[in-house]
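Try each task before you read its solution.

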Amino acid sequence: TYTWDHGATGASTTITTSGSYAVTAVTASGCLARDSVSITLSPAPLDALVDVVACSTQDVILDAGNPGSTYLWNTGATSQILDVSASGTFSVQVTNAQNCTATFEASVTISDPPVVDLGDDRAICTGNSTTLANVGNLPNQLWSTGATSASIDVNSAGIYWLEASSGSCVVRDSIMVSLLALPTDVLTDITQCRDDPATPVAGGPENSYNWSTGATTPSITITTSGTYTVLVTNPAGCTATHDVVV
């Protein structure tokens with residue numbers, strides 16, 4: 001029979017901490033023997049690897065930790081740090097200064113960023129709207145207005161952005177929308193004697209004109225009472241309709 005000083009009674013025992021261990025053995029005839037042994041347990045390498053989800057625009061590294069150890073990765077690398085450029089499962093065998101060895105692994109998932117391009121800045125005529133959209137549909141997209149649709153219509157000046165994410169990749173593009181002034185209404189109603197022709201002037205020569213009479217000049221000569229309309233287009237391409245009562 002066997003009696004260990006830590007309470008075990010088998011011919012063998014499992015040790016988990018360093019120390020001195022003794023056993024007493026007694027034969028069936030009553031003969032007794034005692035022996036002891038000193039056990040030193042060295043610390044095993046610690047698992048420093050963590051799974052990584054990253055964007056392909058980021059630098060991805062795996063650090064095996066345990067400074068002063070030797071390393072062998074499944075890629076063949078022998079450094080503590082491993083640069084990773086593709087998705088996969090990476091493992092490393094670490095042997096520390098006490099010659100204890102352990103193998104650890106980490107999963108790496110690398111995704112490509114979505115393409116976000118709203119195009120060039122644009123200007124619209126006051127009162128009009130323009131549609132902002134990205135080329136193709138995007139996953140998990142968010143506009144600066146709070147919308148999550150594929151496109152938005154805007155009629156106010158400002159900077160608008162679209163943010164899209166795919167995996168851990170987050171990409172944003174912005175666009176500036178400015179407002180162009182409409183042609184100014186310079187017409188005033190005219191009241192005068194019938195024998196005197198009226199000559200309303202809708203603006204300067206920089207604009208183009210289309211009167212309800214068919215005239216395309218800045219001014220027209222009127223000999224009959226009535227309401228006359230002109231469509232004015234300024235150099236920016238913005239249009240406005242103005243009336244004059246004669």
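**Exercise 1: the sheet**

This is a predicted model. Its open sheet is built from 4 strands, ordered β4-β9-β8-β6, with mixed pairing.

Task: Find which strands lie at the edges of this sheet.

Solution. 
- Step 1. Read the strand order: β4-β9-β8-β6.
- Step 2. Look for strands that pair on one side only; these are β4 (52–55) and β6 (70–73), the edge strands.

**Exercise 2: one pairing**

Task: State in which sense β6 and β8 pair, parallel or antiparallel, and over how many bridges.

Solution. 
- Step 1. Locate β8 at residues 88–95.
- Step 2. Compare it with β6: the two pair in the antiparallel sense, over 4 bridges.

**Exercise 3: rings and charge**

Task: Count the aromatic pairs, then find which ring the charged end of R172 sits over.

Solution. 
- Step 1. Search the whole structure for aromatic pairs; the count is 0.
- Step 2. Turn to R172: its charged end sits over the ring of W161.
- Step 3. Give the distance: 3.6 Å from the ring centre.

**Exercise 4: the largest pocket**

Task: Describe the lining of the largest pocket by number and by class.

Solution. 
- Step 1. Start with the space: the largest pocket holds about 170 Å³.
- Step 2. Count its lining: 13 residues, with Q192, C193, R194, S225 and V246 nearest the centre.
- Step 3. Sort the lining by class: 6 nonpolar, 5 polar and 2 charged residues.

Terms used
Residues are numbered from 1 along each chain as its sequence is written. This is a predicted model: local features need pLDDT of at least 70, side-chain atom pairs count only at pLDDT 80 or more; totals for chains, interfaces and linings use all residues. Side-chain values use heavy atoms; hydrogens and water are left out. On a 1 Å grid over the protein atoms alone, a cavity is a set of points where a 1.4 Å probe fits but cannot get out, and a pocket is an open set with protein on both sides within 12 Å along at least five of seven lines; lining residues have an atom within 4 Å of a point. Grid points are joined across faces, edges and corners, and a volume is the space filled by probe spheres set on the points. Ala, Val, Leu, Ile, Met, Phe, Trp, Tyr, Cys and Pro count as nonpolar, Asp, Glu, Lys and Arg as charged, and the others, Gly among them, as polar. Rings of Phe, Tyr and Trp (its six-membered ring) pair if their centres lie within 6.5 Å; planes under 30 degrees apart count as stacked, over 60 as edge-to-face and the rest as tilted. A charge sits over a ring if NZ of Lys or CZ of Arg is within 6 Å of the ring centre and within 35 degrees of the ring normal. Two strands pair if DSSP finds at least two bridges between them.
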